[in-house]
Every structure is written in structure tokens, then in C-alpha cells.
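These are my notebook entries on one structure, written as I looked things up. The sequence and the structure come first.

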Amino acid sequence: MSRITPFASPLLLGFDAMEKTLERISKASDGYPPYNIERIAAGHDAPERLRITLAVAGFSEEELDVSTEENQLLIRGRQVDQGERDYLYRGIAARQFQRTFVLADGMQVLGASLKNGLLSVDLIRPEPARMIKKINISVSQ
């Protein structure tokens, strides 16, 4: 059985990489850690920004890693289990996570900050430049 994809139209050329990205995103979501994505309006001298905020209570700065790889923002957390503690009850486990966000072409990470168990990553959304290119038509005789 063949499936029809949203990019199967012959008028959409070169979108196969986007289709694969959408498939990968739909398969990789476990819900931890919870996050928000908000739009921060443009100021008088600052462009519009996006802010991704993740709830990472219990993680220190050294246990978090924020990086970009190609067009992806990768946020990883690695807690190390401290073996010298004697728990009477343990409801909070040392946990690892990796959260991936696919960035549009030209998106830039401005920075990241950790405050009160919330990791915030600010992104700038550049205004795309309109390009019009005249294509010459050759006539053969």
C-alpha cells in the first residue's frame, strides 16, 4: 500500500528533505521536559524574537548542553546519580533528556539562561529578504 504525502504534488520540487524532517519530528516526542514557545514582540530597536523555555528543575548549568547542529537546536540534560546518598524514599530519579527543535533557515540562537529551574533559549527570527530574479529566455532558430 502506498501512502500519499503532502509533498507529492509535481508542483512542489525539492521538498523531500522537509518531508523527512516532519516524519522525524512526529516520531520523537516523549513530553519530557515540558516546554513553552513564546513570541516576544519587536521593540523600538529590537527585532521580533522567539523564546523556548524548558522546565529543568534539578539540573545545574554543568548538566545542561545547548547546541545547534545544521538546522536543529539540541538541548540535552544529563544528571549524574550520586551513589553516596542513603534514601528512605526516592521519588525523583536522576534523568537524562534530549529535546530537538528544527529551525527554519536563517534562525539564529541569541543565547540561553537558567533561572529558577527554567532554561530559556532566545532565538531571532530574521526578516527574509525578497529576491526577484529575472530569468532570460533563449530562443533557438
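Entry: I began with phenylalanine 59 and phenylalanine 97, and found both to be buried, a label for under 20% relative accessible area, with exposed meaning over 50% and partly exposed in between (1.4 Å probe, protein chains only).

**Entry: the source.** I note that this is a predicted model, in which local features need pLDDT of at least 70, side-chain atom pairs count only at pLDDT 80 or more, and totals for chains, interfaces and linings use all residues. Residues are numbered from 1 along each chain as its sequence is written, and side-chain values use heavy atoms, with hydrogens and water left out.

**Entry: overall layout.** I counted one helix and seven strands in the protein chain; helices (H or I, at least four residues) and strands (E, at least two) are DSSP runs, numbered from the N terminus. The pattern along the sequence is α-β-β-β-β-β-β-β. Of the 141 residues in the protein chain, 22% are buried. I recorded an accessible surface of about 11700 Å² for the protein chain, with 52% of it belonging to carbon and sulfur atoms; such areas come from the Shrake-Rupley method with a 1.4 Å probe, and for residues only the protein chains shown count as cover.

**Entry: aromatic pairs.** How many aromatic pairs does a search of the whole structure find? I noted three; rings of Phe, Tyr and Trp (its six-membered ring) pair if their centres lie within 6.5 Å, and planes under 30 degrees apart count as stacked, over 60 as edge-to-face and the rest as tilted.

One of them joins tyrosine 35 and phenylalanine 101, edge-to-face, at 5.2 Å centre to centre and 85° between the planes. Tyrosine 35 belongs to strand β1 (residues 35-40) and phenylalanine 101 to strand β5 (residues 96-102), so this pair ties together parts that are 66 residues apart in sequence. Tyrosine 35 is partly exposed at 37% relative accessibility, whereas phenylalanine 101 is buried at 9%.

I then returned to phenylalanine 59 and phenylalanine 97, which form an edge-to-face pair with 5.3 Å centre to centre and 85° between the planes. Phenylalanine 59 sits in the loop between β2 (49-55) and β3 (64-69) and phenylalanine 97 in strand β5, so the pair ties together parts that are 38 residues apart in sequence. With Tyr32, Phe59 and Phe97 make up one aromatic cluster.

**Entry: a charge over a ring.** I found arginine 95 over the face of tyrosine 32, 3.6 Å from the ring centre. The rule asks for NZ of Lys or CZ of Arg within 6 Å of the ring centre and within 35 degrees of the ring normal.

**Entry: the three-stranded sheet.** I traced an open sheet of three strands in the order β3-β4-β5, paired antiparallel; two strands pair if DSSP finds at least two bridges between them. Its edge strands are β3 and β5, each pairing on one side only. Six bridges join β3 to the antiparallel strand β4 (residues 72-78), and arginine 76 in β4 is the bridge partner of aspartate 65.

**Entry: strand β7.** Is strand β7 enclosed or open? Six of the seven residues of β7 (residues 118-124) are buried, so the strand is largely enclosed by the rest of the structure. β7 pairs antiparallel with β2 over seven bridges, and aspartate 122 in β7 is the bridge partner of arginine 51. Seven bridges also join β7 to the antiparallel strand β6 (residues 108-115), where alanine 112 has valine 121 of β7 as its bridge partner. In the hairpin of β6 and β7, with two residues between the strands, I noted that asparagine 116 takes a positive phi near 55°.
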